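Student: I'm new to this one. Can we walk through it together?
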Amino acid sequence: MLALLKRYRELILVAVLLLLPLAVFFAHAKRPAELSRVDRLLLVGTAPLEKVVAAVVTGTLEAWRGYVALRGSHQRASALSRENGMLRLEAQELQQERAENDRLRRLLSLAESEPRRAYMGARVIGVGLAPAGLQLLTIDKGADDGLVRAMPVVVADGVVGRIHATAGQSAEVLLAVDRNSSIAVRVERTRARANVRGLGRPDQCRLDYALRSEDVIEGDLLVTSGTDATFPPGLPVGRATRLQRAAHGLFLEGMVVPAVDPTRLEEVLIITSGARDPSLLPAAAGPGPRP
Amino acid sequence: MKPLAHVALALLLATLQAVLARHLGGGAVTACLLAPSLIHLALTAGNVDGAVGAAGVGYVLDLTWGTPKGLMTFLAVAVFLAARLLGAGVDVRGRLGFALLSAAGALGLSIGAVALQRVAALPEAQPGWGLWLRLLVEALLTGLAAPLVLLALRRLDALLGAEESDLIA
């Protein structure tokens, strides 16, 4: 027996490495699991690494853009055009700063529009929109800044998602377009109730549980209803589109164009007031391993 | 030592991927930079070292993709074994072969993840096959990025002094 084990030890080890994770997957697939200590250790370790890599990549890209602009000036071989190039570069930088100011002003006006809510600003430092995985953003604020799971994340245009996992100095945001995300909404025009569920695509969500008898038309703005214990009421989620009323059935079918394009986010606001005990919240992240 | 180094590199690649996605398209299209790492392990490492390394890379994928625990670990080892079998039968030479195999590996990981989640996840959270276009684009971009990742992997192997020459040109 021992000789047999010894003879096939490589095969046995590879089989264990293959089958053990499969068993773990089927055991965890239907219920959300807490982060293990090893997971947390790795997340805490990768947050500073992500910030450093982000700084290096940003610096390199900016230096490259500057180099290209300067090279163009040299090719013109005249001091005037060189100066012109530099001025254009400055104008471009100013334009970018103005755009950033506009974005921040809009975020500020959103924060000021509801003074009872407490907000915290954060920058997006990483994006994970792998089609087979969760749709996640990484932000540069984390548990050290007081963020906890399930806090709503918004921008001036509407709902971005909610905090999914936190490390010391960073956090992951589960986007509203993720298929594990379901947000209770109302049609702003008629106050009809429905749910918006993500499809794992950044450009589209699905309209769930909208009664066939309700007055919903294409282009209707859907806002959070506040009944899901996560999002405060009145935040835009998206607009109804491709509505279909079947001849039978309780609900109408339709899609939702998200109010926020997750591929263009640079800064977000986290609503830190009214945070509830995460353990009391419904487990929306069904197959996700993290709370 | 080698599996640990590959897990460390996988973490670095996953971080780089998240940061690059933020700057290049904001995640509208994605690549799986860890798939070439699995293919490289399959073509150069030993059975045990490679399988342990692949499991480590899969664990990093589970952590960064947010998939249920064990899913990507299983798929990473499965892709490692498939690439190893293929590598034993077909002589994979040069960057083009490596890129094609990496693209196939990325596609295998994604399709496997979608298929298994469709079997095991709650009905309302199951991924749909409407994602096929994104999966194909991901595989294509992975193939394009694979030669660059190969350079980093070769450098790592040279540092560790453990490359088995002639397995991949």
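Tutor: Two residues are in contact if their C-beta atoms, placed from the backbone, lie within 7 Å. A:Gly161 touches A:Val153, A:Val173, A:Leu174, A:Leu175, A:Ala176 and A:Ser181, leaving aside residues up to four places away in sequence. This is a predicted model, where local features need pLDDT of at least 70, side-chain atom pairs count only at pLDDT 80 or more, and totals for chains, interfaces and linings use all residues. Residues are numbered from 1 along each chain as its sequence is written, and chains are lettered from A and ligands numbered from 1 in the order in which they are written.

Student: Where is A:Gly161 found?
Tutor: In strand E4 of chain A, residues 158-166. Helices (H or I, at least four residues) and strands (E, at least two) are DSSP runs, numbered from the N terminus.

Student: Is A:Gly161 buried or exposed?
Tutor: Buried, with 27 C-beta neighbours inside 10 Å. A residue is buried if 20 or more other C-beta atoms lie within 10 Å of its own, exposed if 12 or fewer, and partly exposed in between; these C-beta atoms are placed from the backbone.

Student: How far apart are A:Gly161 and A:Phe231?
Tutor: They are 70 residues apart in sequence and 9.1 Å apart in space, C-alpha to C-alpha.

Student: What do the strands build?
Tutor: In chain A, 6 strands close into a barrel, in the order E1-E2-E5-E4-E3-E12, with antiparallel pairing. Two strands pair if DSSP finds at least two bridges between them. From one strand to the next, the twist averages 45°. Axes here are lines fitted to C-alpha atoms, for helices over the stretch in contact, and angles run from 0 to 180 degrees between N-to-C directions.

Student: How many bridges join E2 to E5 in chain A?
Tutor: 4, between E2 (residues 136-139) and E5 (residues 171-175), which run antiparallel. A:Leu137 stands opposite A:Val173 in E5(A). Chain B comes in here too: H1(B) packs on the sheet and touches E1 (119-128) and E2 of chain A. The direction of H1(B) makes about 110° with that of E1(A).

Student: Now E6(A). How many of its residues are buried?
Tutor: 6 of the 6, residues 182-187, so E6(A) is largely enclosed by the rest of the structure. In a regular strand the side chains alternate between the two faces of the sheet. Both faces of E6(A) are covered. A:Ser182, A:Ala184 and A:Arg186 are buried on one side, and A:Ile183, A:Val185 and A:Val187 on the other.

Student: Which strands pair with E6(A)?
Tutor: E7(A), residues 193-201, pairs with E6(A) in the antiparallel sense over 5 bridges. There, A:Ser182 has A:Arg197 as its bridge partner. E6(A) and E7(A) form a hairpin with 5 residues between them. In the turn, A:Arg191 has a positive phi of about 65°. E9(A), residues 221-224, is joined to E6(A) by 3 bridges and also runs antiparallel to it. A:Arg186 is paired with A:Val223 in E9(A).

Student: Switching to chain B. How many of its residues are in contact with chain A?
Tutor: 51 residues of chain B, with 51 residues of chain A. H3(B) gives the most to that side of chain B, with 10 residues. The residues on that side divide into 29 nonpolar, 16 polar and 6 charged. Ala, Val, Leu, Ile, Met, Phe, Trp, Tyr, Cys and Pro count as nonpolar, Asp, Glu, Lys and Arg as charged, and the others, Gly among them, as polar.

Student: And how do H1(B) and H3(B) cross?
Tutor: Their axes come within 8 Å and cross at roughly 25°. That makes H1(B) roughly parallel to H3(B). Angles under 35 degrees count as roughly parallel, over 145 as roughly antiparallel, 65 to 115 as roughly perpendicular and the rest as oblique.
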